[in-house]
Amino acid sequence: MPALSAGMEEGTIARWLKAEGDTVEQGEIIAEVETDKAVMEFEAAQAGVLGKIVAREGATVGVNEPIAFLLAVGEQQESLIGISARAPPGPSPAVTSPAPDISKPVANGYHADRVKASPLARRIAARQGMAIAGLQGSGPNGRVVRIDVERAKTSSQTEAVATPVARAHTFTMEPAVHADEGPEGLPYRKVTHSQMRKTIARRLSDAKRTIPHFYLEAHCEIDALLDFRGALNEQANGRYKLSLNDFVIKAVALATQRVPEVNRSWTDEAMHVFDDVDIAIAVATDGGLITPVVRQADRKSLSALSTEISSLAARARAGALQPHEYQGGGITVSNLGMYGVSGFSAIINPPQSCILAVGAAERRPIVRGDACVPATVMTCTLSVDHRAIDGAVAATYLAEFKLLVEQPLQLLA
(Lines give C-alpha, C1' and ligand atoms only; values in the text may rest on other atoms or scores of the structure.)
Protein backbone atom coordinates (compact mmCIF):
# COMPACT_ATOMS: atom_id res chain seq x y z
CA MET A 1 0.00 0.00 0.00
CA PRO A 2 1.60 3.27 -1.08
CA ALA A 3 1.44 6.51 0.91
CA LEU A 4 -0.71 8.47 -1.52
CA SER A 5 -0.90 11.58 0.68
CA ALA A 6 1.05 13.13 3.53
CA GLY A 7 0.22 11.54 6.87
CA MET A 8 -1.66 8.63 5.30
CA GLU A 9 -1.54 5.58 7.60
CA GLU A 10 -3.85 3.16 5.81
CA GLY A 11 -6.04 2.90 2.73
CA THR A 12 -8.99 0.87 1.51
CA ILE A 13 -8.97 -0.88 -1.86
CA ALA A 14 -11.92 0.69 -3.67
CA ARG A 15 -11.54 -1.13 -6.97
CA TRP A 16 -9.06 -3.28 -8.85
CA LEU A 17 -8.72 -2.32 -12.51
CA LYS A 18 -6.56 -5.35 -13.20
CA ALA A 19 -7.16 -9.03 -12.49
CA GLU A 20 -4.72 -11.77 -11.57
CA GLY A 21 -2.81 -12.83 -14.65
CA ASP A 22 -3.09 -9.47 -16.40
CA THR A 23 -0.05 -7.82 -17.96
CA VAL A 24 0.77 -4.48 -16.35
CA GLU A 25 2.75 -1.65 -17.93
CA GLN A 26 4.83 0.79 -15.90
CA GLY A 27 2.73 3.83 -14.97
CA GLU A 28 -0.56 2.06 -15.74
CA ILE A 29 -3.39 2.55 -13.27
CA ILE A 30 -4.10 -0.80 -11.63
CA ALA A 31 -6.28 0.09 -8.64
CA GLU A 32 -8.26 2.85 -6.94
CA VAL A 33 -7.53 3.44 -3.25
CA GLU A 34 -9.77 5.26 -0.78
CA THR A 35 -7.70 7.45 1.54
CA ASP A 36 -8.91 9.67 4.37
CA LYS A 37 -9.71 12.46 1.90
CA ALA A 38 -10.43 11.03 -1.55
CA VAL A 39 -10.33 8.05 -3.87
CA MET A 40 -6.98 8.09 -5.65
CA GLU A 41 -5.49 6.15 -8.54
CA PHE A 42 -2.58 3.77 -7.90
CA GLU A 43 -0.06 3.45 -10.73
CA ALA A 44 2.23 0.48 -11.23
CA ALA A 45 5.83 1.35 -10.39
CA GLN A 46 7.15 -1.16 -12.93
CA ALA A 47 5.97 -3.53 -15.64
CA GLY A 48 5.12 -7.17 -15.04
CA VAL A 49 2.23 -9.59 -14.53
CA LEU A 50 -0.27 -9.24 -11.67
CA GLY A 51 0.39 -12.57 -10.03
CA LYS A 52 -1.66 -12.44 -6.83
CA ILE A 53 -4.07 -9.94 -5.26
CA VAL A 54 -3.84 -10.21 -1.48
CA ALA A 55 -6.07 -7.24 -0.58
CA ARG A 56 -9.51 -7.63 -2.11
CA GLU A 57 -11.87 -4.77 -2.85
CA GLY A 58 -13.07 -3.32 0.44
CA ALA A 59 -10.02 -4.45 2.45
CA THR A 60 -8.25 -1.82 4.57
CA VAL A 61 -4.46 -2.09 4.52
CA GLY A 62 -1.74 -0.17 6.34
CA VAL A 63 0.85 1.80 4.40
CA ASN A 64 3.73 -0.40 3.19
CA GLU A 65 1.74 -3.60 3.74
CA PRO A 66 1.38 -5.84 0.64
CA ILE A 67 -1.75 -5.57 -1.46
CA ALA A 68 -0.61 -7.64 -4.46
CA PHE A 69 2.37 -9.41 -5.97
CA LEU A 70 3.72 -8.30 -9.32
CA LEU A 71 5.66 -10.99 -11.16
CA ALA A 72 8.63 -10.08 -13.32
CA VAL A 73 8.91 -11.49 -16.83
CA GLY A 74 9.65 -15.20 -16.56
CA GLU A 75 8.43 -15.67 -12.98
CA GLN A 76 5.74 -18.30 -12.45
CA GLN A 77 2.46 -17.87 -10.56
CA GLU A 78 3.11 -21.22 -8.86
CA SER A 79 5.62 -19.43 -6.64
CA LEU A 80 2.71 -17.62 -4.99
CA ILE A 81 0.79 -20.74 -3.98
CA GLY A 82 -0.18 -20.61 -0.31
CA ILE A 83 -0.51 -16.83 -0.10
CA SER A 84 -4.02 -16.01 1.06
CA ALA A 85 -6.04 -12.99 0.03
CA ARG A 86 -7.08 -10.33 2.52
CA ALA A 87 -10.81 -9.74 2.27
CA PRO A 88 -12.86 -6.85 3.65
CA PRO A 89 -14.00 -7.33 7.27
CA GLY A 90 -17.43 -8.88 7.77
CA PRO A 91 -20.26 -9.28 5.27
CA SER A 92 -20.46 -6.23 3.04
CA PRO A 93 -22.81 -6.59 0.09
CA ALA A 94 -22.33 -2.91 -0.73
CA VAL A 95 -18.68 -3.39 -1.58
CA THR A 96 -18.66 -6.95 -2.88
CA SER A 97 -18.24 -7.38 -6.62
CA PRO A 98 -18.02 -10.60 -8.63
CA ALA A 99 -14.54 -12.02 -9.00
CA PRO A 100 -13.21 -11.12 -12.44
CA ASP A 101 -13.15 -13.90 -14.97
CA ILE A 102 -9.64 -13.85 -16.36
CA SER A 103 -10.69 -16.19 -19.13
CA LYS A 104 -12.52 -13.30 -20.79
CA PRO A 105 -10.71 -11.43 -23.56
CA VAL A 106 -8.64 -8.44 -22.57
CA ALA A 107 -8.66 -5.16 -24.50
CA ASN A 108 -6.06 -2.47 -23.87
CA GLY A 109 -5.16 -4.04 -20.53
CA TYR A 110 -8.75 -4.21 -19.21
CA HIS A 111 -11.14 -7.16 -19.17
CA ALA A 112 -14.07 -6.84 -21.48
CA ASP A 113 -16.55 -6.59 -18.60
CA ARG A 114 -14.65 -3.72 -16.95
CA VAL A 115 -15.36 -0.26 -18.31
CA LYS A 116 -12.46 2.17 -18.37
CA ALA A 117 -13.48 5.31 -16.47
CA SER A 118 -11.90 7.85 -14.17
CA PRO A 119 -12.81 7.76 -10.45
CA LEU A 120 -14.49 11.17 -10.74
CA ALA A 121 -16.60 10.02 -13.70
CA ARG A 122 -17.72 6.93 -11.75
CA ARG A 123 -18.71 8.99 -8.70
CA ILE A 124 -20.71 11.50 -10.75
CA ALA A 125 -22.42 8.70 -12.71
CA ALA A 126 -23.33 6.93 -9.46
CA ARG A 127 -24.88 10.07 -8.02
CA GLN A 128 -26.89 10.60 -11.21
CA GLY A 129 -28.06 6.96 -11.31
CA MET A 130 -26.25 6.25 -14.58
CA ALA A 131 -24.68 2.97 -15.67
CA ILE A 132 -21.11 3.86 -16.55
CA ALA A 133 -21.09 0.99 -19.06
CA GLY A 134 -23.62 2.81 -21.22
CA LEU A 135 -21.51 5.92 -21.77
CA GLN A 136 -19.22 6.68 -24.69
CA GLY A 137 -15.75 7.63 -23.48
CA SER A 138 -13.79 10.52 -25.00
CA GLY A 139 -10.62 10.03 -22.92
CA PRO A 140 -7.47 8.12 -23.84
CA ASN A 141 -8.25 4.67 -25.27
CA GLY A 142 -11.98 5.34 -24.92
CA ARG A 143 -11.84 6.05 -21.17
CA VAL A 144 -15.00 7.62 -19.74
CA VAL A 145 -14.18 10.97 -18.11
CA ARG A 146 -16.19 13.62 -16.27
CA ILE A 147 -17.29 15.51 -19.39
CA ASP A 148 -18.78 12.33 -20.87
CA VAL A 149 -21.03 11.87 -17.83
CA GLU A 150 -22.08 15.51 -17.86
CA ARG A 151 -22.89 15.38 -21.57
CA ALA A 152 -24.96 12.25 -21.07
CA LYS A 153 -26.86 13.93 -18.27
CA THR A 154 -27.89 16.88 -20.42
CA SER A 155 -28.49 14.87 -23.59
CA SER A 156 -32.06 14.05 -24.59
CA GLN A 157 -30.89 10.46 -25.11
CA THR A 158 -29.62 10.02 -21.56
CA GLU A 159 -32.41 7.61 -20.62
CA ALA A 160 -31.52 5.36 -23.55
CA VAL A 161 -27.82 5.09 -22.76
CA ALA A 162 -27.77 5.40 -18.98
CA THR A 163 -29.82 2.73 -17.22
CA PRO A 164 -30.51 3.49 -13.54
CA VAL A 165 -28.42 1.35 -11.24
CA ALA A 166 -28.40 0.74 -7.52
CA ARG A 167 -25.88 2.90 -5.69
CA ALA A 168 -24.62 -0.15 -3.80
CA HIS A 169 -23.22 -1.59 -7.04
CA THR A 170 -20.89 1.35 -7.74
CA PHE A 171 -17.22 1.39 -6.84
CA THR A 172 -17.78 4.21 -4.34
CA MET A 173 -18.02 1.61 -1.58
CA GLU A 174 -21.07 2.35 0.51
CA PRO A 175 -20.43 1.40 4.15
CA ALA A 176 -21.48 -2.07 5.22
CA VAL A 177 -24.87 -1.94 6.97
CA HIS A 178 -26.08 -4.78 9.20
CA ALA A 179 -29.38 -5.02 11.02
CA ASP A 180 -28.93 -5.62 14.73
CA GLU A 181 -30.55 -5.06 18.11
CA GLY A 182 -29.29 -2.55 20.61
CA PRO A 183 -28.59 -3.13 24.31
CA GLU A 184 -32.13 -2.05 25.22
CA GLY A 185 -33.81 -4.10 22.51
CA LEU A 186 -34.09 -1.13 20.11
CA PRO A 187 -33.29 -1.76 16.44
CA TYR A 188 -30.26 0.00 14.97
CA ARG A 189 -27.84 -0.31 12.07
CA LYS A 190 -24.06 -0.67 12.08
CA VAL A 191 -22.39 1.56 9.50
CA THR A 192 -18.73 0.80 8.86
CA HIS A 193 -16.49 3.85 9.30
CA SER A 194 -14.92 5.24 6.14
CA GLN A 195 -11.25 6.23 6.10
CA MET A 196 -12.29 9.89 6.07
CA ARG A 197 -14.61 9.52 9.07
CA LYS A 198 -11.97 7.67 11.12
CA THR A 199 -9.38 10.34 10.34
CA ILE A 200 -11.77 13.17 11.24
CA ALA A 201 -12.60 11.48 14.54
CA ARG A 202 -8.95 10.94 15.43
CA ARG A 203 -7.77 14.43 14.48
CA LEU A 204 -10.60 16.30 16.20
CA SER A 205 -10.32 14.16 19.35
CA ASP A 206 -6.61 14.92 19.48
CA ALA A 207 -7.26 18.61 18.86
CA LYS A 208 -9.86 18.98 21.61
CA ARG A 209 -7.80 16.91 24.04
CA THR A 210 -4.37 18.46 23.46
CA ILE A 211 -4.96 22.04 22.27
CA PRO A 212 -5.84 24.64 24.94
CA HIS A 213 -8.68 26.41 23.14
CA PHE A 214 -9.95 29.87 24.00
CA TYR A 215 -12.73 31.69 22.19
CA LEU A 216 -13.37 35.28 21.11
CA GLU A 217 -16.67 36.49 19.69
CA ALA A 218 -17.50 39.50 17.50
CA HIS A 219 -20.86 40.74 16.25
CA CYS A 220 -20.28 42.32 12.83
CA GLU A 221 -22.75 44.73 11.25
CA ILE A 222 -22.75 43.94 7.55
CA ASP A 223 -25.45 46.10 5.91
CA ALA A 224 -22.76 48.10 4.11
CA LEU A 225 -21.09 44.87 2.99
CA LEU A 226 -24.35 43.48 1.60
CA ASP A 227 -24.98 46.71 -0.34
CA PHE A 228 -21.40 46.64 -1.62
CA ARG A 229 -21.77 43.01 -2.70
CA GLY A 230 -24.99 43.81 -4.56
CA ALA A 231 -23.34 46.69 -6.43
CA LEU A 232 -20.34 44.56 -7.47
CA ASN A 233 -22.55 41.70 -8.67
CA GLU A 234 -24.63 44.14 -10.71
CA GLN A 235 -21.49 45.54 -12.34
CA ALA A 236 -20.29 41.99 -13.13
CA ASN A 237 -23.18 41.47 -15.60
CA GLY A 238 -23.25 37.74 -14.90
CA ARG A 239 -19.49 37.15 -15.36
CA TYR A 240 -19.38 36.06 -11.73
CA LYS A 241 -21.53 36.22 -8.62
CA LEU A 242 -19.88 37.05 -5.32
CA SER A 243 -21.21 35.32 -2.21
CA LEU A 244 -21.06 36.60 1.35
CA ASN A 245 -18.56 33.85 2.10
CA ASP A 246 -16.20 35.23 -0.58
CA PHE A 247 -16.04 38.53 1.33
CA VAL A 248 -15.48 36.68 4.61
CA ILE A 249 -12.53 34.75 3.14
CA LYS A 250 -11.04 37.96 1.75
CA ALA A 251 -11.44 39.71 5.11
CA VAL A 252 -9.82 36.78 6.93
CA ALA A 253 -6.89 36.87 4.48
CA LEU A 254 -6.32 40.63 4.80
CA ALA A 255 -6.68 40.52 8.58
CA THR A 256 -4.04 37.77 8.64
CA GLN A 257 -1.79 39.97 6.50
CA ARG A 258 -2.23 42.84 8.97
CA VAL A 259 -1.75 40.66 12.07
CA PRO A 260 0.77 38.04 10.91
CA GLU A 261 1.32 36.82 14.49
CA VAL A 262 -1.73 34.55 14.10
CA ASN A 263 -0.29 32.87 11.01
CA ARG A 264 1.70 30.26 12.89
CA SER A 265 1.64 26.73 14.23
CA TRP A 266 2.81 25.29 17.55
CA THR A 267 5.20 22.35 17.80
CA ASP A 268 7.06 21.10 20.87
CA GLU A 269 10.39 22.02 19.27
CA ALA A 270 9.67 25.41 17.69
CA MET A 271 7.02 27.78 16.39
CA HIS A 272 6.33 27.46 12.67
CA VAL A 273 5.70 30.94 11.26
CA PHE A 274 4.18 30.99 7.76
CA ASP A 275 5.15 33.50 5.11
CA ASP A 276 2.12 33.02 2.84
CA VAL A 277 -1.50 33.66 3.77
CA ASP A 278 -3.17 30.35 2.91
CA ILE A 279 -6.80 30.03 4.00
CA ALA A 280 -8.51 26.64 4.44
CA ILE A 281 -12.25 26.45 3.86
CA ALA A 282 -14.40 23.85 5.60
CA VAL A 283 -16.55 22.01 3.03
CA ALA A 284 -19.17 19.44 4.00
CA THR A 285 -19.22 16.32 1.81
CA ASP A 286 -21.14 13.04 1.92
CA GLY A 287 -18.15 11.38 3.57
CA GLY A 288 -17.33 14.11 6.07
CA LEU A 289 -15.56 17.44 6.37
CA ILE A 290 -12.64 18.40 4.12
CA THR A 291 -10.72 21.68 4.04
CA PRO A 292 -9.42 22.72 0.61
CA VAL A 293 -6.90 25.57 0.75
CA VAL A 294 -6.84 28.87 -1.12
CA ARG A 295 -3.15 29.75 -1.53
CA GLN A 296 -2.00 33.37 -1.06
CA ALA A 297 -5.60 34.47 -0.59
CA ASP A 298 -4.56 37.98 0.45
CA ARG A 299 -3.12 38.64 -3.02
CA LYS A 300 -6.21 37.61 -5.00
CA SER A 301 -9.13 39.73 -6.12
CA LEU A 302 -12.64 39.02 -4.91
CA SER A 303 -13.66 37.63 -8.29
CA ALA A 304 -10.60 35.35 -8.47
CA LEU A 305 -11.26 34.15 -4.92
CA SER A 306 -14.90 33.46 -5.73
CA THR A 307 -14.01 31.38 -8.79
CA GLU A 308 -11.34 29.40 -6.97
CA ILE A 309 -13.49 28.76 -3.90
CA SER A 310 -16.38 27.48 -6.05
CA SER A 311 -14.05 25.17 -7.97
CA LEU A 312 -12.42 23.79 -4.84
CA ALA A 313 -15.76 23.22 -3.11
CA ALA A 314 -17.23 21.42 -6.14
CA ARG A 315 -14.23 19.12 -6.49
CA ALA A 316 -14.19 18.51 -2.74
CA ARG A 317 -17.79 17.28 -2.83
CA ALA A 318 -16.94 15.08 -5.83
CA GLY A 319 -13.92 13.61 -3.99
CA ALA A 320 -11.61 14.86 -6.74
CA LEU A 321 -9.17 17.01 -4.77
CA GLN A 322 -5.46 16.30 -5.04
CA PRO A 323 -3.43 16.15 -1.79
CA HIS A 324 -1.72 19.51 -2.39
CA GLU A 325 -5.16 21.14 -2.58
CA TYR A 326 -6.24 20.20 0.94
CA GLN A 327 -2.95 20.08 2.86
CA GLY A 328 -1.59 23.06 4.77
CA GLY A 329 -3.29 26.38 5.43
CA GLY A 330 -2.66 28.82 8.27
CA ILE A 331 -6.26 29.37 9.39
CA THR A 332 -9.59 27.69 8.63
CA VAL A 333 -12.96 29.34 8.00
CA SER A 334 -16.09 27.33 8.84
CA ASN A 335 -19.32 28.99 7.71
CA LEU A 336 -22.65 27.53 8.86
CA GLY A 337 -24.63 30.69 8.27
CA MET A 338 -26.43 29.20 5.27
CA TYR A 339 -27.99 26.64 7.65
CA GLY A 340 -29.48 29.36 9.83
CA VAL A 341 -26.99 28.84 12.68
CA SER A 342 -26.67 32.10 14.65
CA GLY A 343 -23.24 31.30 16.03
CA PHE A 344 -21.02 28.41 17.15
CA SER A 345 -17.55 27.53 18.40
CA ALA A 346 -15.44 25.36 16.11
CA ILE A 347 -12.66 22.91 16.99
CA ILE A 348 -9.22 23.95 15.73
CA ASN A 349 -7.96 22.08 12.68
CA PRO A 350 -4.43 20.95 13.66
CA PRO A 351 -1.67 21.88 13.10
CA GLN A 352 -3.29 25.29 12.63
CA SER A 353 -3.74 27.70 15.54
CA CYS A 354 -7.05 29.40 14.59
CA ILE A 355 -10.44 28.64 13.12
CA LEU A 356 -13.13 31.25 12.49
CA ALA A 357 -16.73 30.08 12.91
CA VAL A 358 -19.18 32.22 10.92
CA GLY A 359 -22.88 32.38 11.73
CA ALA A 360 -25.90 33.60 9.81
CA ALA A 361 -26.50 37.21 8.77
CA GLU A 362 -29.58 38.11 10.83
CA ARG A 363 -31.66 41.21 11.35
CA ARG A 364 -31.23 42.21 14.99
CA PRO A 365 -31.92 45.29 17.12
CA ILE A 366 -28.77 47.23 18.06
CA VAL A 367 -28.25 50.36 20.18
CA ARG A 368 -26.76 53.46 18.55
CA GLY A 369 -26.55 56.32 20.99
CA ASP A 370 -29.92 56.47 22.69
CA ALA A 371 -31.79 54.74 19.86
CA CYS A 372 -32.48 51.09 19.13
CA VAL A 373 -32.30 50.43 15.39
CA PRO A 374 -32.41 47.32 13.18
CA ALA A 375 -29.24 46.07 11.52
CA THR A 376 -27.95 42.96 9.78
CA VAL A 377 -25.53 41.27 12.18
CA MET A 378 -23.22 38.31 11.66
CA THR A 379 -21.72 36.57 14.71
CA CYS A 380 -18.17 35.29 14.24
CA THR A 381 -16.32 33.21 16.84
CA LEU A 382 -12.56 32.75 16.74
CA SER A 383 -11.17 29.57 18.32
CA VAL A 384 -7.49 30.01 19.23
CA ASP A 385 -4.61 27.78 20.36
CA HIS A 386 -3.30 29.57 23.46
CA ARG A 387 0.10 27.87 23.15
CA ALA A 388 0.83 29.75 19.93
CA ILE A 389 -1.26 32.92 20.20
CA ASP A 390 -1.86 35.18 23.17
CA GLY A 391 -5.24 36.68 23.95
CA ALA A 392 -4.30 40.25 23.00
CA VAL A 393 -2.98 39.14 19.60
CA ALA A 394 -6.14 37.17 18.87
CA ALA A 395 -8.30 40.11 19.96
CA THR A 396 -6.37 42.45 17.65
CA TYR A 397 -6.84 40.04 14.78
CA LEU A 398 -10.59 39.68 15.32
CA ALA A 399 -10.92 43.47 15.56
CA GLU A 400 -9.18 43.83 12.18
CA PHE A 401 -11.53 41.27 10.66
CA LYS A 402 -14.56 43.09 12.06
CA LEU A 403 -13.26 46.41 10.69
CA LEU A 404 -12.81 44.94 7.22
CA VAL A 405 -16.30 43.46 6.95
CA GLU A 406 -17.92 46.61 8.36
CA GLN A 407 -15.90 48.86 6.01
CA PRO A 408 -15.92 46.73 2.85
CA LEU A 409 -14.15 49.25 0.61
CA GLN A 410 -10.97 48.23 2.41
CA LEU A 411 -11.36 44.76 0.91
CA LEU A 412 -10.40 46.23 -2.47
CA ALA A 413 -7.14 47.66 -1.17
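Buried means under 20% relative accessible area, and exposed means over 50%. The model discussed here is predicted.

Q: Why is E325 called buried?
A: The cut-off for buried is under 20%. E325 has 13% relative accessibility, so E325 counts as buried.

Q: Where is E325 found, and which residues is E325 in contact with, leaving aside neighbours within four places in sequence?
A: E325 is found in helix α8. Contact means heavy atoms within 4.5 Å. With those neighbours left aside, E325 is in contact with T291, P292, V293, L312, R315 and A320.

Q: What makes Y326 buried?
A: Y326 is found in helix α8, residues 323-326. Its relative accessibility is 8%. Buried means under 20%, so Y326 counts as buried.

Q: How many residues apart along the chain are Y326 and A316, and what separates their C-alpha atoms?
A: They are 10 residues apart along the chain. Their C-alpha atoms are separated by 8.9 Å.

Q: Which residues of α7 are buried?
A: The buried residues of α7 are L302, L305, S306, I309, L312, A313 and A316.

Q: How do you know where they lie on the helix?
A: Look down the axis of α7. The buried residues fall within an arc of 140 degrees, so they line one face of the helix.

Q: How does the reach of α7 compare with the expected value?
A: Helix α7 covers residues 302-317, which is 16 residues. From first C-alpha to last, α7 reaches 22 Å. That is close to the 22 Å expected at 1.5 Å a residue.

Q: How many aromatic pairs does the structure hold?
A: The structure holds 1 aromatic pair.

Q: What makes the pair of F228 and F247 edge-to-face?
A: Two values matter here. Ring centres must lie within 6.5 Å to pair, and planes over 60 degrees apart count as edge-to-face. The centres of the F228 and F247 rings are 6.1 Å apart and their planes stand at 65 degrees, so the pair is edge-to-face.

Q: Which parts does this pair tie together?
A: F228 lies in helix α5, residues 223-236, and F247 lies in helix α6, residues 244-258. The pair therefore ties together parts that are 19 residues apart in sequence.

Q: Are F228 and F247 buried or exposed?
A: F228 has a relative accessible area of 13%, so F228 is buried. F247 is at 0%, so F247 counts as buried too.

Q: Why is R203 called partly exposed?
A: Partly exposed falls between buried, under 20%, and exposed, over 50%. R203 has a relative accessible area of 31%, so R203 is partly exposed. R203 is found in helix α4, residues 195-210.

Q: What separates the C-alpha atoms of R203 and N349?
A: The separation is 7.9 Å, although the two are 146 residues apart along the chain. Leaving aside neighbours within four places in sequence, R203 is in contact with N349 and P350.

Conventions: Residues numbered from 1 in each chain as written. Predicted model: local features only at pLDDT ≥ 70, side-chain atom pairs only at ≥ 80, totals over all residues. Heavy atoms only, no water. Phe/Tyr/Trp six-rings, centres within 6.5 Å; stacked < 30°, edge-to-face > 60°. Helix = DSSP H or I, 4+ residues; strand = E, 2+ residues; numbered from the N terminus. Buried < 20%, exposed > 50% of the residue type's maximum accessible area, 1.4 Å probe, protein only. Expected span 1.5 Å × (residues − 1). Arc of directions from axis to C-beta.
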